[in-house]
Structures are given as structure tokens and as C-alpha cells.
Amino acid sequence: MTQLDIIVRNEHHRLLLSVSGPINSYTFTDFQEKVYKAIAQMDTAVDMEHVTALSSAGIGVIMTAMEDAETTGHGFAIVNPSEIVRLAIESTGFGDRFPVVKTLKQA
Amino acid sequence: MGLTILAFLSIPGFAVLFFIVLRRGRDTPAGRIVAAIAAALALYSLAQGLVFILTGPGFRQSDALLLERASGALILVTHVLVFLFALNFPTPLPRFALNLMLVVALPLGLVAAYDATFTFDYIVSVYRPWTTIFRTEGRFYKLFVFGDAGLAALSSLLLGIRLLASKSRVQRQRMAVAAAFILIGAALILVSTGLFTTGQAKRPSYVFAPVGALFLAGGITYAFRLSRLFDWRTIGRTLLGYAALFGAVGLPSGIVVALLVLVGKSTSTAVPAIGALAVFVGAALLGRLFFKRFFVRLGASHDYREKLESELAGVDLAQGRDAVLAQVYELLSKAIGFTDLAVLIDDDQGYMRTIYAPTGGRATIERASKLAELLEKTGSNIILKTEAQTDPTYADLREPLLELFESLKAEALISVLEGRRAMGLFALGARSTGAEYTAYDYDAFKAIYGKLFVIAYYLKNIARESIMTTVDREIALSDQIIRFALEKVDRIEHAKADASWVARSARSLGGDFIDFVRLSSDRWFIVMGDVSGKGLSASMNMLILKSMIRTFLRVEKDFIGLVSRVNAFIKENLPKGTFFAGVFGYLDLAKDAFYYINCGVPTILLYSPSFDTFIEVQGEGKILGFVKDISPFLKPRKLLLPPGSALVSATDGILDSENLRGERFGKERLRRSVHERLHLSSAEISAGAMEDFLSFTDKRQDDDITLFVMKLNERKAT
């Protein structure tokens, strides 16, 4: 799969972004725009179960979203990340500081 | 001896003041006078301390008497110097007025000092029966002390008159501070040395006289060095904050503790003891919370620093030079409230030229000029006009510096340095309200310096108009950046090692980079990694980071300190979400060693010739730019590089890339690819590994990739 699909749903006063496909040089801008827009509005959860690649640009988007969430006071969570995403997050050395949850209920 | 120790303890304080003033102000009359005051008061404190010792048993009382009189003479000399200071501060009075005053003051002072030291007019005797010193005052004792007081009052009055005549706010502030310190300091000295006593008098508080002297000298030194306006808003806010804290938390807590004490009288002493502790802890927590929230509310309407920092960080450099400059102007002028702005950039041809001046303030600075040198030497990179007018540091070049301020219609200059070389200058104009820049503004300028650096770097190195007009601007720009970055390295060329690397960006745009800095004939500094992001912004950040690392390398000798600085720069100055994943290393070929800190590079492989295998040595790493202070997480490592060994490192772009079947290239394929070619040169190994990689991915590349290979040559038998 080379295309990134992002479905945005409003669930119980929270935006849920379901992401599938690779987040890489070609696709990360779409991911960036949608995540930044969502976090500026309300609590946001990003379902990354079907993400097949996560480049440094994608990690950067998540880091910015974490900072924006802190600034705006909105919640931000990464839900059920795929193995690739989990490895990419752990590769930063700060895996324990990313708001990763297994299920949407925990977000 | 008791509090007499204060006399001796104050002496180093005077010494510090003496050297501080001499360092920056020896070229001005006021500076030399302040240094002389510090020296006189140091001798006075020494004499006062010795008087206590010499009035003890076993010493000659005549020595104590001489020192007591000498200390009186030194105080007199000090006050004469203070008067001279008032004549010369902030600028010397016209020559005839100065001469007139000197003709009166100096002979009088010298005669009085002689009289105090060598006659019975000032002090007749001094003795110490136990711990308190007694003295018998001479017939002119009162004349001496009132003479001192009169000189101090006259000096303050003179400064007050000069203050009213001055048009410069900063000069008025300096004179007001000096006058206040002279009055208070002199009063402390005179009261504690017995202003209100006559005849045989005790000197119960004479030990505090040196403290008063230190106050006087410190205050004058402070006024002399003062070159920025007070930020009264911050000072008022702080005082108001503390007053509110006292009213809202301190006072109620005190009342509660008082009530607990009353309760304790009829019950148990444990009640007030435990209760007071609980109240103290509660009040401390509550106070902290209150203070924080109260200050945020107080400062919200006026403080611009954080907002401006954030807005400058958000300037989109991809929009082109003119748009960037217009946006920077809009942000700065709106936040700070000025109209005039001029931006000067180094043209690489020996000049710094004005490239932007919407309201016409222009200037050209020759790189070889003393003025350019001054801008590069300024410790904090910021010069306020008030500093240019008052600070002794600028005494030699005050005139051309003030001319520059005038030409640029500026009230503040922010000089942006690349290494030690000024590459840009931001000249900020006067505020529309007429208010001068204060210490708060100075701190705010320091805070936005990093952002201005990024913008200046962009303007100097990247935003060339000829390039900006190309159709495929972004790609052309990035190609240029990458080529530039790759070309400017100190290649490792050494008999013991053969090093090479390959770097390829996806879409011609990337943030991967590698840099080598030669430290000596056997030592290199190496950095390799990936700056997050893609496209032009990643290329920009990569180039800026490369430049900053080289800058830090010149000033930071500690390995952890260096990496920590890089981390702080990324966190504070590069756009949000930017991070660096890579490795920093020192290669020491004299010791066959490689010292490194892994900051998130996914792999470092060491080929061991003894075992004919690769060992993973990257260890655990933390990326830079995630946390504010990375130093607790940094773990330097040392690797011995025996002959025949090889070092291989790669960024995540190689390892994480997938083929059409969704398989990752991974470490094992990299290891195999290098191993098969170990008999070849490092250049052939890296090129071969890249061929394997592209063949694996069917020539598709989704991410930037960098591969570094270094072989340690076998030693030839001698």
C-alpha cells in the first residue's frame, strides 16, 4: 500500500483519526495537516493500527501534536499503534513519553 | 572578634568592584574615580578591622590610634572622591567648572586628611577594655564627620541637578541611582562610626561601617555600569506580586499559626509545632500556585516575548525572501511597537549591506572595519542605544556606533553571528510611544536571537533572488543546499583509515547529513544523522544545524556539553516537532579509538577481524529536540578500532525501506552487503551497498539515506 488514507470521525466530543498506509516523505503532509487541525479543535485520538511506515517526518508531526495538545489543553493519544509505528516511536529513545494506548476507551 | 570579621570580609568585595570597574572603565575619569573609591574603602575596612586587633592586649595602642585616625582620613578621602565622581559622572563637567571645583576640593581634602591622621583634632585616643572600642574624640571631630556628610549631600545634590538638566532617560536613571546610593551608603557609614556622639564615646555599631562602605562602593559601581533602563513594569509587578502573596497567603498563615500557639497554651505544645509545620507546607504550596497564576495574569497584557518567539518560529521560509522579510517586519513591529526596521546581511564581498529598510534607514558596514569587529565581539550580540551612549565598553567607538544607530534609525542592534563572524544585523527602531528599550526588551531580544539567526542564515545563504525566480524553486534550492553541505567537510584522510559515505535524499529534498571536522592531524569530529521533516524545511534545518554544530564545537570542549547545546538549539530554535536522530563522535586515530554518543542513530556496526563478524555497538540512544535538557540521558562510549576492523553506520532510511513485498532492507542485509565487499575500498563498499539497497527496493526511495563506512587499514610490517 503506497497511499495514505485518513478518516476523521467525531466520536463523543473527540476527533478520531483512523490512519492507514505509510507515513513517509510523500504522504506525511496530509497526516500533518489533519492532525494539526484536529488538535487545535478538540481532544484527538489517532488510530495507527494500520500504519505501514512511519518516517522521521511522521514522528515530528506526533511530537508537535503532543506540544500543541499541552498548549491548547486538549487531549492527544495514539491508539493501538502497529508494530512499525511502535518501533519508530521506541527508536526515539523516549517511547515511554508518547501517549500510546491500546484501545480507544483508554484514550 | 565577633562582627569585626565583617570588616575583613568586605575587603574581597571591594577588590572585586575595583577590578570590575578597571576592566571596563579605566579609560574614563568617572571609572578611575570609582576604582579609587573602592581602593580607599578597602583600605578603610582593613584599618577598621586592624584597630580592633591592635587595641587588644600585647599591641601598641599608638598603632591602633594611628590606624583609627587613618581610617577617618580614608573616609574623608572617599567623600572627596565621591564629590569628584559627581563632577565627572556620567560625563565630566566643562573644564573650567571642573578646575574650579578641584582647586577647592583637593587641597581641602588633603589638608583635612593630614590633620585627621597626624594631629589630635580628629581622635585623641582609642582603647578597648573588653569587646567594645572606646575613643576620645578631638576638638574638630564633629567638623570632620559633618564635613563627610556635607560632601556626600553635596555630591547627591550635584547629581540631582545634573539629572534634571539631562535629556537622556538612561543617564537620568544612572545619576538617580548613584545619588541614592551615595546618600544611603554615606549615612550608614557616618551613623555607625558615631555621627551623633561627642567626647569619649563607645562605638557600638562601628562594625557595620564597612558594610555601609561596601554598599556605597557597590552602588556607585552599579550606577557606573548601568546602561539599560529599568523595567519598572516588571519591578512593580514583582513587588505587587510579593505584596499580594503576603496578603493572600503569608498573613492568613501567620494568623493561623498565632491561633495555634494560643490553643497550644491550653492543650499541648505539639499542637502549634505540628500545626505550624502543616501550615508552612500548605502555605508554601498555595503560595507557589498563587504566585504563578497571579503573575501570568499580571503579565498577560504586556509581555510579548513568548508570543513573538513562537510567531517567529512559525515564519514560513519557503514563501520567498521578500515575503519572509515583510512577515518578520510585521511580527517585530507589532510585538515591540516600532516603525523602523533595517536588516543588513553579509554579502560575502567584504560588506554588510542593507537588504531591507521599509522606512529608509540604511547603512553599509565594511567587514574589515573596527565597527564590524565590535559587533562581532559584543558578548550578547545585542546593543541598545542606551548602552552605546553610556557603556565604557564602547568608549573607543562610541561616535561611529552612534552614527550607525542614527543612519539605521535604530534604538537596538541585534548582531547575528555565524561562528565568530557577523552574518547579519537587525536594527530595531524607536518605539512609537517614545518609550526606550528596557531590560525586559533586552531579555526578549536574547530570547528571539535564535529565531533571528535562522532567518539571517536563510537570507544570507539561501534566499538568493536568482534562485528564487526559478520555476522549480524548492528542488533547485534543496539540491544547492545538499551539495553545499556535502562539499564543506574535512574529509578523513589518514594513513590508518579509509573512510567514505553515501548520502541520497528522497525527492531531491532531505534532512540527512554527515559532517567531518578535522581537529588535528589524527583527530576528527564526526556527526551523522537525520533532521526530521522533508523538503525545503528539512534541508534548511539540516544546514542550520550543521552550521550551529560547527559553531558550538569552537566554544564547547565538553562532549556532553556540546551535544546538550545542540539539543537545546533544536528544541528552542527550530520549528516544533524538529528532531535529530544521529550520532556524534570523536575519532582519534592516534589512539585507534572512536568516542561517540548515540542520539538515535539506528545502527553502528563494528567489524571485528578476529571473529570475522559484525558487532552492533550503537547501544541505546535518545533523539535530540524532544526534551529541554538531554544531558542526563547522554552516554558517551568508547570503541577501540584495531587494524583490519571496519565501522559502519546508517540512518533509518536504509534500514526501514521496504521492497514491493513489504520486506524491510534491515540490518542483516546491510551487514551482508558490506561484509561481501570488505576487501574493497570504503568508497567501493558504500557504493556497492547502495546498489544492493536500490536493487532491493527496485530503485524506489521513500526516505533520505546516509551510509558511512570506515576501514582501519592493516599495519604494514616494518
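Reply: Before we start, residues are numbered from 1 along each chain as its sequence is written, and chains are lettered from A and ligands numbered from 1 in the order in which they are written. This is a predicted model, where local features need pLDDT of at least 70, side-chain atom pairs count only at pLDDT 80 or more, and totals for chains, interfaces and linings use all residues.

Me: How do you know how confident the predictor is about chain A?

Reply: We look at pLDDT, the predictor's confidence in each residue, from 0 to 100. For chain A the mean is 88, and 97% of its residues reach 70 or more.

Me: Why is B:Leu188 called buried?

Reply: A residue is buried if 20 or more other C-beta atoms lie within 10 Å of its own, exposed if 12 or fewer, and partly exposed in between, with C-beta atoms placed from the backbone. B:Leu188 has 20 C-beta neighbours inside 10 Å, so it counts as buried. Its place is in helix 6 of chain B. Of the 718 residues of chain B, 43% count as buried.

Me: Which residues does B:Leu188 touch, leaving aside its neighbours within four places in sequence?

Reply: Two residues are in contact if their C-beta atoms, placed from the backbone, lie within 7 Å. With those neighbours left aside, B:Leu188 is in contact with B:Phe208, B:Gly212 and B:Phe215. B:Val211 is 23 residues away from B:Leu188 in sequence, and their C-alpha atoms are 8.1 Å apart. For chain B, among contacts between residues at least 6 apart in sequence, 69% join residues at least 24 apart.

Me: Why are helix 5 and helix 6 of chain B called roughly antiparallel?

Reply: Angles run from 0 to 180 degrees between N-to-C directions, and axes are lines fitted to C-alpha atoms, for helices over the stretch in contact. Under 35 degrees counts as roughly parallel, over 145 as roughly antiparallel, 65 to 115 as roughly perpendicular and the rest as oblique. Helix 5 (residues 141-165) and helix 6 (residues 169-192) of chain B pack at about 170 degrees, with their axes 9 Å apart. That angle makes helix 5 of chain B roughly antiparallel to helix 6 of chain B. Residues making the contact include B:Val145 and B:Leu159 of helix 5 and B:Ile182 and B:Leu190 of helix 6.

Me: What classes of residue make up that contact of helix 5 with helix 6 of chain B?

Reply: Ala, Val, Leu, Ile, Met, Phe, Trp, Tyr, Cys and Pro count as nonpolar, Asp, Glu, Lys and Arg as charged, and the others, Gly among them, as polar. By these classes the contact has 13 nonpolar, 3 polar and 3 charged residues.

Me: How do you know that strand 12 and strand 13 of chain B pair?

Reply: Two strands pair if DSSP finds at least two bridges between them. Strand 12 (residues 512-518) and strand 13 (residues 523-531) of chain B have 7 bridges in the antiparallel sense. One of the partners is B:Phe525 in strand 13, which bridges to B:Val517.

Me: Why is strand 13 of chain B said to be largely enclosed by the rest of the structure?

Reply: 8 of its 9 residues are buried, so strand 13 of chain B is largely enclosed.

Me: What makes strand 6 and strand 7 of chain B edge strands?

Reply: They belong to an open sheet of 6 strands in the order 6-5-4-9-8-7, with antiparallel pairing. Strand 6 (364-366) and strand 7 (382-384) of chain B each pair on one side only. Neighbouring strands of this sheet are turned by 20 degrees against each other on average, direction ignored.

Definitions and conventions
Helix = DSSP H or I, 4+ residues; strand = E, 2+ residues; numbered from the N terminus.
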